[in-house]
Amino acid sequence: MAPSPSLVLPFAVWMLLLWGADGRRSDVRVITDENWRELLEGEWMIEFYAPWCPACQNLQPEWESFAEWGEDLEVNVAKVDVTEQTGLSGRFIITALPTIYHCKDGEFRRYQGPRTKNDFINFISEKEWKNIEPVSSWFGPGSVLMSSTSALFRLSMYIRTCHNYFIEDLGLPVWGSYTVFALATLLSGLLLGLCMIFVADCLCPSKRRRPQPYPSQKSLPEFCQPLKKMEEQEADEEDISEEETAGQAGPNVDCAQNAVRQRPVGPLLGADKS
């Protein structure tokens, strides 16, 4: 039995409407860790969001409507899911959601105005972004500092993934997972220290020198000269005191010797007289 034409036509229209709603291509571009350098060329408006964020969900219709004007305004409209692109979250220092950035030829500015389609259009068409101070080059997403921060964010997500794997898939207790990470940290520290020593030894090798003979008289440094003078003065004073002591003892010794010499004279004189 063939289906009635009155039922086929509404069903076909309903399918076309569903296909048009779901199959319509979005004008919002998706930015990831692999293609984020495209932001450095041209003019962009980028939204950082999370699927679970209520404020981000309320912003999505306005952002999609604004993206439809992107071709007329000659601006690229993009979005970044921070739950999947943790490296970009660290590279742009995302601390609140949603966060919107404007980029013009590599200069990034944070948008903090109203979040409606008309406000976005006026911000681009009237070039209101010129009134906003751009992000410093030190904290730009392409700087060494932000690249290091991005690497740390990705490392933290990798550690979290490994922790969940140890607990859920391997069935390890929580303390067992922490023990594994502690041992890995110690081993990585030892390996890093050995590598640094090896590199330092290669860049600045130690030179072996023969021991020099110890000099018999070595000049003292300047700060030791007053001490040397004080020692010399004390030595001179001791010599003088010894000389004075010897001088005082000299007459006494002479007198004693004369007395000894004069003692035998008395009897001799008596014998002569007799």
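Which residue with a positive phi follows α5? The answer is K127, with phi near 55°.

This is a predicted model: local features need pLDDT of at least 70, side-chain atom pairs count only at pLDDT 80 or more, and totals for chains, interfaces and linings use all residues. Residues are numbered from 1 along each chain as its sequence is written, and side-chain values use heavy atoms, with hydrogens and water left out.

**Helix α5**

Helices (H or I, at least four residues) and strands (E, at least two) are DSSP runs, numbered from the N terminus. Helix α5 covers residues 117–125. Its buried residues (under 20% relative accessible area, 1.4 Å probe, protein chains only) are F120, I121, F123 and I124. Seen down the axis of α5, they fall within an arc of 160°, so they line one face of the helix. That arc is taken from the directions from the helix axis to the C-beta atoms. The buried residues of α5 pack (heavy atoms within 4.5 Å) against β2 (43–49), α2 (54–67), α3, β4 (99–104) and β5 (107–111).

**Strand β4 and its partners**

In β4, five of the six residues are buried. Strands pair if DSSP finds at least two bridges between them. β2 and β4 pair in the antiparallel sense over six bridges. E43 stands opposite K104 in β4. β4 and β5 are also antiparallel, over five bridges. C103 has F108 in β5 as its bridge partner.

**Backbone exceptions**

Most residues other than glycine have a negative phi, and most peptide bonds are trans. The bond between L97 and P98 is cis, with omega about -10°. P98 lies in the loop between α4 (86–91) and β4. I93 is found in the loop between α4 and β4 as well. K127 lies in the loop between α5 and α6 (144–169).

| Residue | Phi | Relative accessibility |
|---|---|---|
| I93 | about 50° | 41%, partly exposed |
| K127 | about 55° | 44%, partly exposed |

**Largest pocket**

The largest pocket holds about 150 Å³ of space. A pocket is an open set of points on a 1 Å grid over the protein atoms alone, where a 1.4 Å probe fits, with protein on both sides within 12 Å along at least five of seven lines; lining residues have an atom within 4 Å of a point. Of the 10 lining residues, D27, A67, G70, E71 and V75 are the closest to its centre. α3 (70–73) and β3 (76–81) each supply at least two residues of the lining.

Conventions
Points joined across faces, edges and corners; volume = space filled by probe spheres on them.
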